[in-house]
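Trainee: Before I set anything up with this model, I would like to go through its fold. Could you show it and take my questions one at a time?

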Amino acid sequence: GRIVYANKRAKVLLGRDPGALLGTTFSAPIETDEPVEIAFPHADGETLIADMLVVALETEGNRLSLVSLRDMTTRYQAEAQLREREATYRAVITHANDGFWQMDRTGMVLEVNDSYLRMTGFSRDELLGQRPDYVDAEEDAEMARARLARILETGGDLFETRHRTRD
């Protein structure tokens, strides 16, 4: 469709003066029920990612489309950085020589790396969902709960522990 009005925010979003946009064409669906993700070039050459919502309007015999754009570029960049950090973290843990396991706030094992499995002889399925006292050779369930409470309260703890092996 042809642009017949652009607000001041269009200058920030598109990098063009709203007046300069009038009369130009913009390809958009006739109507959307939910925002649709689109990518298009900004005047500075960068790619803008936006959520677009299109509402059909009838006015004075003309069919118009009200197009609303919300800049999502920063969010998508942050999500990409988070995915990259997660991939790096996962690669370090996966390939570490040290055994590693991750618990949720209740003490249930959520993740365990292959090194830990090799050291203990347990399978991943045997350990996921277990609590630390399942493998700890010296602490019982109450001691493990107390340690977890300290970790949650202080943000961490440095300690040594002995774990039993499957056999």
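Trainee: How many residues lie between E1 and E2 in the hairpin they form?

Mentor: This is a predicted model, and in it E1 covers residues 36-41 while E2 covers residues 47-59. The turn of the hairpin holds Gly45, whose phi is positive at about 95°. The number of residues between E1 and E2 is five.

Trainee: Which residue in E2 is the bridge partner of Phe40?

Mentor: E1 and E2 run antiparallel and are joined by six bridges. One of the paired positions is Glu37, whose partner in E2 is Asp51. For Phe40, the bridge partner is Leu48.

Trainee: Which strands stand at the edges of the open sheet?

Mentor: The sheet has three strands in the order E1-E2-E3, and the pairing is antiparallel. An edge strand has a single partner strand, so one side of it is left without a neighbour in the sheet. Neighbouring strands are turned by 45° against each other on average, direction ignored. The strands at the edges are E1 and E3 (62-71).

Trainee: At about what angle to E2 does helix H3 run?

Mentor: H3 takes in residues 73-95 and lies across E1, E2 and E3. Relative to E2, H3 runs at about 140°.

Trainee: Is Glu60 buried or exposed?

Mentor: Glu60 sits in the loop between E2 and E3. Most residues other than glycine have a negative phi. Glu60 is not a glycine, yet its phi is positive, about 45°. Its relative accessibility is 78%, and the cut-off is over 50%, so Glu60 counts as exposed.

Trainee: What is the relative accessible area of Asn113?

Mentor: Asn113 is also a loop residue, placed between strand E5 (109-112) and helix H4 (114-120). Leaving out residues up to four places away in sequence, Asn113 touches Ile93, Ala96, Asp98, Gly99, Phe100 and Arg124. Asn113 is buried, with a relative accessible area of 4%.

Trainee: How far apart are the end C-alpha atoms of helix H6?

Mentor: H6 has 14 residues, 141-154. At 1.5 Å a residue the helix should span 20 Å. The model agrees with that, since the distance between the end C-alpha atoms is 20 Å.

Trainee: Which residues of H6 are buried?

Mentor: On the other side of the helix, Glu153 and Thr154 are exposed. What covers the buried residues includes strand E4 (101-103). The buried residues of H6 are Ala144, Arg147 and Leu148. They cover an arc of only 100° around the axis, which puts them on the same side of H6.

Trainee: Which residues does Arg147 contact, leaving aside its neighbours within four places in sequence?

Mentor: Arg147 lies in helix H6. Its relative accessible area is 14%, and the cut-off is under 20%, so Arg147 is buried. Its contacts beyond those neighbours are Glu139, Asp157 and Phe159.

Trainee: Which residue follows H6?

Mentor: The residue in question has a positive phi, near 95°. The residue that follows H6 is Gly155.

Conventions
Residues numbered from 1 in each chain as written. Predicted model: local features only at pLDDT ≥ 70, side-chain atom pairs only at ≥ 80, totals over all residues. Heavy atoms only, no water. Helix = DSSP H or I, 4+ residues; strand = E, 2+ residues; numbered from the N terminus. Expected span 1.5 Å × (residues − 1). Buried < 20%, exposed > 50% of the residue type's maximum accessible area, 1.4 Å probe, protein only. Arc of directions from axis to C-beta. Contact = heavy atoms within 4.5 Å. Pairing = 2+ DSSP bridges. Axes fitted to C-alpha atoms, helices over the stretch in contact; angles between N-to-C directions.
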